[in-house]
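I kept a few notes while going through this one. Here they are, in the order in which I looked things up.

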Amino acid sequence: QVRLVESGGGSVQSGGSLRLSCRASGSTYHAAFMGWFRQAPEKTEREGIAAIDGDGAITYSDSVRDRFTISRDTAVNILYLQMDSLKPEDTAMYFCAAAIRRPYYSGGDALQPWEYNTWGQGTQVAVSA
């Protein structure tokens, strides 16, 4: 069973940077997607912001494209999210997630929460003006 643990959240000023990490225990070999989601305080839905599929293709939401960078170190099974040029509207709880599929199959929408079946507990990011 895969377990995901996020770290790296914190408080920064607008324009600052943070790097989030998501350490996976257990094999993510059957992960069709590994992604980052966030949930703002006043919202009930999680927003998919960045994901990597099994072939290494990357998808970003419009809200973070050109500011955030997702990457993956398969040797140590860690997923990263480098966040630059942070804005107050980036304030949210950030979650790492995996779409584990056995048997494996590709395809789907990498930024939709329903594609994912394994979630971390989240790490808080707060950006002040």
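**Contacts of Thr91**

I began with Thr91, which is in contact (heavy atoms within 4.5 Å) with Ala40, Pro41, Gln124, Val125, Ala126 and Val127, leaving aside its neighbours within four places in sequence. Before going on, I noted that this is a predicted model, where local features need pLDDT of at least 70, side-chain atom pairs count only at pLDDT 80 or more, and totals for chains, interfaces and linings use all residues. Residues are numbered from 1 along each chain as its sequence is written, and side-chain values use heavy atoms, with hydrogens and water left out.

I then placed Thr91 in the loop between strand 8 and strand 9. Helices (H or I, at least four residues) and strands (E, at least two) are DSSP runs here, numbered from the N terminus.

Which backbone atoms lie 2.9 Å from a polar atom of the Thr91 side chain? I found the backbone oxygen of Pro88 and the backbone nitrogen of Val127, each at 2.9 Å. For a polar contact I used a pair of N or O atoms within 3.5 Å; within protein, one must be able to donate a hydrogen and the other to accept it, and residues adjacent in sequence count only if both atoms are side-chain atoms.

**Salt bridges**

Next I searched the whole structure for salt bridges (a side-chain nitrogen of Lys or Arg within 4 Å of a carboxyl oxygen of Asp or Glu) and got 5. Side chains of opposite charge can pair when their charged atoms come close. I followed the network that links Arg38, Glu47, Arg67 and Asp90.

Glu47 pairs with Arg38, with 2.8 Å between the closest N and O atoms. Are these two buried or exposed? For the terms, buried means under 20% relative accessible area, exposed over 50%, and partly exposed in between (1.4 Å probe, protein chains only). Glu47 is partly exposed at 31%, while Arg38 is buried at 7%.

Arg38 also meets Asp90 in a salt bridge, at 2.8 Å from N to O. Arg38 lies in strand 4 (residues 31-39) and Asp90 in the loop between strand 8 and strand 9, so this pair ties together parts 52 residues apart in sequence. I checked burial for this pair too: both Arg38 and Asp90 are buried.

Asp90 forms a salt bridge with Arg67 as well, again with the closest N and O atoms 2.8 Å apart. This pair links distant parts of the chain, 23 residues apart, with Arg67 in the loop between strand 6 and strand 7. Both Asp90 and Arg67 are buried.

Most residues other than glycine have a negative phi, and most peptide bonds are trans. I looked for departures from that.

Asp66 has a positive phi, near 75 degrees. I found Asp66 in the loop between strand 6 (58-60) and strand 7 (68-73), and it is exposed at 77%. Ser85 also has a positive phi, about 50 degrees. Ser85 sits in the loop between strand 8 (78-83) and strand 9 and is partly exposed at 41%.

The peptide bond from Arg102 to Pro103 is cis, with omega near 5 degrees. Pro103 is in the loop between strand 9 (92-100) and strand 10 (118-119).

**Tyr104**

My last stop was Tyr104, in the loop between strand 9 and strand 10 and partly exposed at 35%. What does Tyr104 touch, not counting residues up to four places away in sequence? I listed His30, Ala31, Ala32 and Gly54. Tyr104 and Tyr29 are 75 residues apart in sequence, yet their C-alpha atoms are 9.0 Å apart in space.
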